[in-house]
Amino acid sequence: MTAPIELWYWPTPNGWKVSIALEEMGLAYEMKPVNIGAGEQFTPEFQAISPNGRMPAIVDPDGPGGSPISIFESGAILQYLGNKSGQFYPTDARQRVEIDQWLFWQVGGLGPMAGQTHHFRQYAPAIVQDQRQIAYGVRRYTDETHRLYGVMDRRLKDRDYLAGDYSIADMAAWPWILPGLQGQNLAHFPNLAAWVERVGDRPAVKAGRALGDEMRKNLAASGKAAEDARKVLFGQRAR
């Protein structure tokens with residue numbers, strides 16, 4: 001019997017993309033925690049799998065040709081899992097282009113911009129004493145996240161999912177819609193709000209989102225533990 005896929009993971013939006021996909025596709029997996037607040041992403045063992053030192057990453061013991069393969073970057077992982085399972089990533093060229101453009105929109109736009117919104121709204125106030133120094137960053141990224149919510153709201157005006165049928169594009173984007181942390185109000189985006197609920201009601205999405213939830217920490221909190229974690233996560237430079 002083939003060993004399960006190793007999911008190198010921490011419960012964040014990028015991690016949830018892959019845990020949701022594995023649950024949706026019914027693929028056997030084993031979670032390997034990577035405590036990013038403790039610096040475990042910098043270990044040689046993990047960086048052999050993820051040269052960028054970021055999770056998620058996977059190791060599939062039954063890769064192409066039956067040989068193991070490791071993959072980093074969430075978008076590449078989702079494409080690989082869709083190909084492997086034959087689910088949520090159709091082989092039709094036109095359908096695949098629809099999915100790919102929204103997948104890349106997420107990994108190149110929604111994720112990074114919403115992530116910066118999280119940083120400036122949640123974490124920077126605990127790091128920078130003079131709040132005036134971060135005011136532009138808060139406004140810049142909150143506004144850009146608002147713009148991206150609008151893109152999704154328009155897209156979802158006449159369809160249930162981003163690229164036709166439910167797909168890996170929806171799995172990629174859904175974890176990043178966190179309006180309470182991003183200074184947004186979903187009442188202003190009714191089509192997006194309906195999609196958030198529609199996707200979130202799926203049992204596999206609930207299971208993938210809940211994976212490792214007990215490990216989450218409030219990195220914006222006061223105290224030495226949270227301060228040490230922020231030092232690990234923010235201000236990294238080449239090693």
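**Figure 1. Helix H1 and helix H9 form a right-handed crossing.** A crossing is called right-handed if the near helix is turned clockwise from the far one by less than a right angle, and left-handed if anticlockwise. The model is predicted: local features need pLDDT of at least 70 and side-chain atom pairs count only at pLDDT 80 or more, whereas totals for chains, interfaces and linings use all residues. Residues are numbered from 1 along each chain as its sequence is written, and side-chain values use heavy atoms, with hydrogens and water left out. The axes of H1 (residues 13-25) and H9 (residues 203-210) come within 8 Å and cross at roughly 140 degrees; axes are lines fitted to C-alpha atoms, for helices over the stretch in contact, and angles run from 0 to 180 degrees between N-to-C directions. H1 and H9 are therefore oblique to each other, given that angles under 35 degrees count as roughly parallel, over 145 as roughly antiparallel, 65 to 115 as roughly perpendicular and the rest as oblique. Trp 16, Ser 19, Ile 20, Glu 23 and Glu 24 of H1 meet Ala 204, Val 205, Ala 207, Gly 208 and Arg 209 of H9 (contact: heavy atoms within 4.5 Å).

**Figure 2. The axes of H3 and H4 cross at roughly 155 degrees.** These axes come within 10 Å, and H3 and H4 are therefore roughly antiparallel to each other. The crossing of H3 past H4 is right-handed. Ser 74, Gly 75, Leu 78, Gln 79 and Asn 83 of H3 make the contact with Arg 96, Asp 100, Leu 103, Phe 104 and Val 107 of H4.

**Figure 3. Glu 73 has a positive phi of about 80 degrees.** This residue is not a glycine. Its place is the loop between strand E4 (69-72) and H3. Most residues other than glycine have a negative phi, and most peptide bonds are trans.

Definitions and conventions:
Helix = DSSP H or I, 4+ residues; strand = E, 2+ residues; numbered from the N terminus.
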